[in-house]
Amino acid sequence: MNQDKKKFCFCTLACGKNYRDLALLLAKDIKKYSPNTTFIVLTDCPNDFSQQSNVLAFKHKQQSVKFYHDKRFAIAKGLSLFNSCIFIDADMRILAPVPEYPQWISKPGITARGCENMPKKYAKVLAGNSNAKILKEFNVAKKAASKLNLELENEDINFVYEYLFAVTKDSGKEIEFLKQWEIIASYCELNGLYDSEGNAIGLAAAKAGLPVRWSAMEGISFFKNKVEFVRIKKGESKMEDMAIYFEQQAKLEYPEHFLRERIILKSNKIIKYLYNLVRLRIITLKDFNFYYR
């Protein structure tokens with residue numbers, strides 16, 4: 001495929017039947033509302049997407065302990081084929097036509113639908129008033145930043161809400177960004193933080209010198225269950241209008257299983273977790289001083 005700077009792609013990670021089914025719904029949305037846009041999917045079963053003409057599906061084997069940081073591989077694949085890629089969670093939906101080339105995607109670096117500087121996000125921690133989970137997240141991120149010679153309290157470092165964000169090439173900084181994300185992801189997971197992508201993205205971008213900016217992402221009307229609940233609470237959306245999306249998302253993400261199936265799924269999940277944790281500890285021994293001191 002010839003790279004065209006006027007083109008971009010959507011990309012996501014969809015492993016496991018639940019998320020493959022959700023990604024197929026999203027693929028249909030993209031086909032309908034952004035018909036000339038490729039949707040890159042990293043998945044454990046590419047054949048599930050063989051009937052979707054707008055999808056390029058690539059085989060992916062879990063690398064992170066709990067999948068969250070594997071999003072970087074979808075972005076890497078997208079940037080290997082396009083000048084820009086928009087990462088979108090597999091459980092989201094597109095609700096309206098997308099511009100052929102959104103203006104905000106032309107800016108090099110990261111453009112995020114949600115981001116905030118670290119001091120603002122961790123204001124309660126810095127004021128000595130936060131819960132244990134947030135405190136742990138802050139402390140691990142602060143230690144990781146220190147190892148990278150970064151200052152977490154620096155307002156130039158942004159936490160990125162990873163459900164919807166774009167990455168546009170920036171003279172190779174995007175490659176360094178992905179490299180640093182891998183390093184930080186391993187550090188976070190070794191310290192028991194498996195879903196801390198937002199911190200890793202922000203720190204990696206800062207280390208690589210890749211700009212991070214907030215944008216309303218005009219032209220992308222989307223459904224994300226957690227975001228929609230907030231909109232409904234604020235009176236910006238109505239439950240009756242979004243009910244069908246909530247129902248479809250819940251049905252596919254949390255299907256009913258017989259007891260035997262639940263036991264098998266749970267056992268497989270535990271085995272994968274232990275395998276990837278051991279694998280991580282072995283791999284990171286090559287840089288013992290960084291990861292263990």
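A residue counts as buried when its relative accessible area is under 20%. The model is predicted. Cys-85 has a relative accessible area of 1%, so Cys-85 is buried. Cys-11 is buried too, because its relative accessible area is 0%.

A disulfide needs two cysteine sulfur atoms within 2.5 Å. For Cys-11, the nearest cysteine sulfur is that of Cys-85, 4.2 Å away. Cys-85 is likewise in no disulfide, and its nearest cysteine sulfur is that of Cys-11.

Now the pockets.

| Pocket | Volume | Lining by class |
|---|---|---|
| Largest pocket | about 2000 Å³ | 20 nonpolar, 10 polar, 20 charged residues |
| Second largest pocket | about 310 Å³ | six nonpolar, six polar, six charged residues |

The largest pocket holds about 2000 Å³ of space. Its lining has 50 residues; Tyr-19, Lys-66, Tyr-68, Glu-253 and Lys-269 are the closest to its centre. Elements giving two or more residues to this lining include strand 1 (8-14), helix 1 (17-33) and helix 5 (132-147). Helix 7 (197-208), helix 8 (225-233) and helix 10 (259-284) are also among them. Helix 10 gives the most, with nine residues.

The second largest pocket has a volume of about 310 Å³. It is lined by 18 residues, and the closest to its centre are Arg-72, Glu-182, Ser-186, Leu-280 and Ile-283. Helix 2 (71-81), helix 6 (173-190) and helix 10 each supply at least two residues of that lining.

Definitions and conventions: Residues are numbered from 1 along each chain as its sequence is written. This is a predicted model: local features need pLDDT of at least 70, side-chain atom pairs count only at pLDDT 80 or more; totals for chains, interfaces and linings use all residues. Side-chain values use heavy atoms; hydrogens and water are left out. On a 1 Å grid over the protein atoms alone, a cavity is a set of points where a 1.4 Å probe fits but cannot get out, and a pocket is an open set with protein on both sides within 12 Å along at least five of seven lines; lining residues have an atom within 4 Å of a point. Grid points are joined across faces, edges and corners, and a volume is the space filled by probe spheres set on the points. Helices (H or I, at least four residues) and strands (E, at least two) are DSSP runs, numbered from the N terminus. Ala, Val, Leu, Ile, Met, Phe, Trp, Tyr, Cys and Pro count as nonpolar, Asp, Glu, Lys and Arg as charged, and the others, Gly among them, as polar. Buried means under 20% relative accessible area, exposed over 50%, partly exposed in between (1.4 Å probe, protein chains only).
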